[in-house]
Amino acid sequence: MLAALTASALLLPGLARAQEERWGVDYGFTLYSEDDLDSDKLQAGSPERYEIETHQLRMRAPLGGRIDVGLDLVHETMSGATPWFVEPDANGEPVQVMTGASVEDQRSDVLLRGTYLFDESRTSLLGGYSKEDDYQATNFGFSAEHDFNEKNTTFSWGAGLSLDEIDPTPTATNLNPSQEDKRSLSIFAGISQVINRSSIVQSTFTYQNGSGFLSDPYKLVSVGGVNLPDSRPDSRNQFSWLTRYRRHFSSVNGALHADYRLYVDDWDVTSHTVELAWYQMLWDALAVIPSVRYYTQSQAEFYGPYFVTSPGGEFTSDYRLSPYGALSWKLRAETRLSDWPFRMAWKVGVSWERYQSSGDLAIRDVEIENPGLVSFNVLMFNLSARF
Amino acid sequence: MPVDLHVLRFRAMGSPCEVRIHGGAEAARVAEAARAEVLRLEAKYSRYREDSLATRINRSAGDPTGVVVDRETAALFDYAAASHRHSDGLFDITSGILRRAWDFKSGVLPSQAAIDALLPLVGWNRVRWEAPRIVLPRAGMQLDFGGYVKEYAADRAAEICREHGARHGLVDLGGDVAVVGPHPDGSPWRVGIRDPRAPTEALLTLPLGWGGIASSGDYERCMVVDGVRYGHILDPRTGWPVRGLAAVSVVADHCLVAGTLTTIAMLKGERGVAWLESSGAHCLYVTGDGFVGGGLLEARRAGQSAAAGAWLRASSCGGSATSSGRKPAAVSGSLAATASATVAKAPR
């Protein structure tokens with residue numbers, strides 16, 4: 001009743017913005033932890049894979065009635081060993097060689113965003129900078145949204161540019177690595193349509209072009225028994241098409257979220273992602289959200305677990321470019337505290353996700369599974385305040 | 001009280017009004033802009049003004065071509081239609097004409113025949129509303145924006161203040177309050193709620209840092225005939241006063257929505273309490289026999305400490321109504337202390 005009347009009131013001129021003009025601070029902590037590598041897949045190095053702790057702080061402030069500014073800060077600490085190269089064991093089965101000592105790295109990221117709110121459209125400009133020991137990235141972006149059809153249709157589009165510099169730290173096999181550059185440009189366009197009172201569909205197309213040094217400076221490839229540096233083409237064109245459907249079921253006070261993403265690129269990788277989530281509201285203040293995601297991809301044309309003879313100038317044995325499938329489950333709970341008498345609302349959320357990938361999960365048969373395929377857990381806690 | 005608080009008092013929509021804005025010289029200009037907005041809406045929607053849009057629409061009653069209205073008015077009709085639908089026909093902007101039968105100053109009950117003669121002119125379902133055209137098919141039908149335009153004006157005036165850069169202030173149109181923003185130190189405004197049995201006194205004061213509050217009660221206009229009290233809240237279906245709640249206050253994101261909820265709750269009569277409890281609104285009510293209840297009682301207690309208030313769980317009528325319901329005698333004991341803190345009394 002309250003919600004129905006508020007929804008009607010928001011259609012009145014000048015009342016719509018009352019809700020949005022609020023300050024917001026969000027803090028999130030994420031612990032990403034990869035499973036140790038199975039001993040039968042480990043040839044050498046440490047079985048302890050990556051662990052990443054992420055602290056994220058987002059702030060949003062309205063300036064006057066029309067301008068919104070936001071600042072995102074991220075700090076990550078990464079540690080653990082990473083897959084180095086794959087080689088055949090005595091039986092010709094591929095086994096993983098990991099980096100030895102634990103790598104320790106930190107990444108800091110700052111992103112500033114400004115949005116101007118027109119009556120029926122919004123335009124944002126953003127700029128960001130990210131820094132690691134061996135990597136820095138500067139990025140810029142522009143995006144806009146336009147409402148049509150009494151706000152039942154929203155068209156959005158935008159573009160982004162990232163300029164990255166890679167300054168690899170010396171390794172045992174590469175004592176004097178050269179500094180490399182990488183540039184990526186992306187553009188997207190999408191439309192979201194309110195179908196009826198309880199459902200909405202959104203479809204977005206994204207094109208991304210990467211150029212420059214796209215190889216992994218810390219990975220080697222076993223070619224005819226010799227370990228050569230990972231070597232990939234110097235350009236990549238990626239296309240993705242994401243469609244999302246949301247439907248609210250008022251009889252049970254829950255909502256279904258269903259997403260499908262198709263991805264293809266000119267490295268010959270095609271992938272499909274399907275995600276289903278159910279938002280269940282309990283007592284108006286608690287939401288419980290179980291979700292499941294399935295992913296499958298084909299391999300890049302220059303990928304092989306290892307090469308007996310030289311395939312030419314381009315080769316990689318990175319598990320991320322191998323054929324595989326993945327399944328993940330996630331459970332999230334969110335609760336809202338307090339909204340009165342102050343215009344302040346707190347939201348607390350926790351979630352746990354389990355991700356597993358393997359050759360068997362791929363939609364097509366995988367002859368030789370990459371031994372470096374990863375499985376991980378993600379724990380997340382976040383706290384947000386609006387006032 | 002901070003020295004930079006600017007207070008503008010004026011009369012509009014038949015009520016004493018106040019705009020309170022924190023800020024220097026700018027505050028006076030902001031308050032004036034808010035007043036101008038209230039006066040604009042009064043001029044447009046008052047049925048007492050010869051040149052108002054409301055009068056023009058009412059004069060068109062019986063004319064099958066009706067009147068074509070602007071976007072704002074269309075949105076107000078859409079809102080009235082939604083409220084009518086969600087209240088099973090209780091919220092009805094055509095019901096004002098029933099007041100012709102009811103003269104509360106006379107102390108005399110109208111004849112049933114007089115009421116029956118008016119009932120065919122009442123009913124939003126009899127109106128043809130096909131945006132942007134409104135048609136009152138029967139001569140004599142009338143629309144009365146008075147049931148919600150004051151609340152809408154409070155929201156609009158507060159929004160005008162925000163558009164002019166004000167962040168801390170409050171608009172009070174005869175007890176319909178819309179908050180621009182809390183005091184500069186973040187503390188909420190204290191809004192007095194009148195006691196329906198002693199209209200010059202505050203029943204209690206509520207901390208309000210956002211949104212709006214609206215109140216409705218049968219203390220405003222009523223008459224007592226043969227020992228029976230007849231309030232001014234008339235059921236559009238029967239034409240007779242509703243008996244049940246003595247007063248209701250609701251806090252919501254918008255004063256408009258709060259006002260609609262109080263109107264519907266009053267019209268629900270005896271069932272108003274149960275309905276409020278299920279509506280999910282922050283409310284306070286006084287029943288006909290003097291029982292005070294509603295989640296806002298709980299909230300007020302917690303709100304007295306800013307820290308406790310900030311962490312207060314969103315208090316709805318559900319559940320807490322029974323636990324916090326108390327006889328008014330118990331409430332009035334604590335009244336003296338809180339009433340003195342009132343800066344924005346509901347002056348209805």
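Where in chain B does Arg237(B) lie? Arg237(B) is found in the loop that joins β12 (228-231) to β13 (245-252) of chain B. The structure is a predicted model, and the predictor assigns the complex an ipTM of 0.73 and a pTM of 0.62.

**Confidence in chain B**

- The average pLDDT of chain B is 80, and 83% of the residues score at least 70.
- Over residues 302-348 of chain B, pLDDT stays under 50. For this stretch the model has 108 contacts beyond four places in sequence.

**Make-up of chain A**

- Chain A contains 1 helix and 21 strands.
- Of the 387 residues in chain A, 17% are buried.
- Among the contacts in chain A with a separation of 6 or more, 57% are between residues 24 or more positions apart.
- Strand β20 of chain A, residues 345-358, includes Val348(A). Val348(A) has 13 other C-beta atoms within 10 Å and is therefore partly exposed.
- Arg336(A) is 12 residues away from Val348(A) in sequence, and their C-alpha atoms are 6.5 Å apart in space.

**Helix contacts in chain B: α5(B) with α6(B)**

- Helix α5 (residues 149-163) of chain B and α6(B) have axes that come within 7 Å and cross at roughly 160°. Because angles over 145 degrees count as roughly antiparallel, α5(B) and α6(B) are described as roughly antiparallel to each other.
- The crossing of α5(B) past α6(B) is right-handed.
- On the α5(B) side, the contact is made by Glu151(B), Tyr152(B), Ala154(B) and Asp155(B). On the α6(B) side, Cys255(B), Leu256(B), Ala258(B) and Gly259(B) take part.
- The residues of this contact between α5(B) and α6(B) comprise 5 nonpolar, 1 polar and 2 charged.

**Helix contacts in chain B: α6(B) with α7(B)**

- Helix α6 (residues 255-267) and helix α7 (residues 272-279) of chain B have axes that come within 8 Å and cross at roughly 145°.
- The crossing of α6(B) and α7(B) is right-handed.
- From α6(B), the residues Leu261(B), Ala265(B) and Met266(B) meet Gly272(B), Trp275(B), Leu276(B) and Ser279(B) of α7(B).
- The residues in the contact of α6(B) with α7(B) are 5 nonpolar, 2 polar and no charged.

**Individual residues in loops**

- Arg237(B) has 15 C-beta neighbours inside 10 Å and so counts as partly exposed. Its C-alpha atom is separated by 9.6 Å from that of Asp92(B), although Arg237(B) and Asp92(B) are 145 residues apart along the chain.
- The peptide bond from Ala131(B) to Pro132(B) is cis, with omega near 0°. Pro132(B) is placed in the loop between β4 (128-130) and β5 (133-135) of chain B.
- Asp88(B) is not a glycine, yet its phi is positive, near 55°. This residue sits in the loop between α3 (71-86) and α4 (112-118) of chain B. With 11 other C-beta atoms within 10 Å, Asp88(B) is exposed.
- Asp268(A) likewise has a positive phi in a residue other than glycine, with a value near 85°. Asp268(A) belongs to the loop between β16 (254-265) and β17 (270-282) of chain A. With 13 other C-beta atoms within 10 Å, Asp268(A) is partly exposed.

Methods
Residues numbered from 1 in each chain as written. Chains lettered and ligands numbered in written order. Predicted model: local features only at pLDDT ≥ 70, side-chain atom pairs only at ≥ 80, totals over all residues. Helix = DSSP H or I, 4+ residues; strand = E, 2+ residues; numbered from the N terminus. Buried ≥ 20, exposed ≤ 12 C-beta atoms within 10 Å, placed from the backbone. Contact = placed C-beta atoms within 7 Å. Axes fitted to C-alpha atoms, helices over the stretch in contact; angles between N-to-C directions. Left-handed = near helix turned anticlockwise from the far one by under 90°. Nonpolar A, V, L, I, M, F, W, Y, C, P; charged D, E, K, R; others polar. Parallel < 35°, antiparallel > 145°, perpendicular 65-115°, else oblique. pLDDT = per-residue confidence, 0-100.
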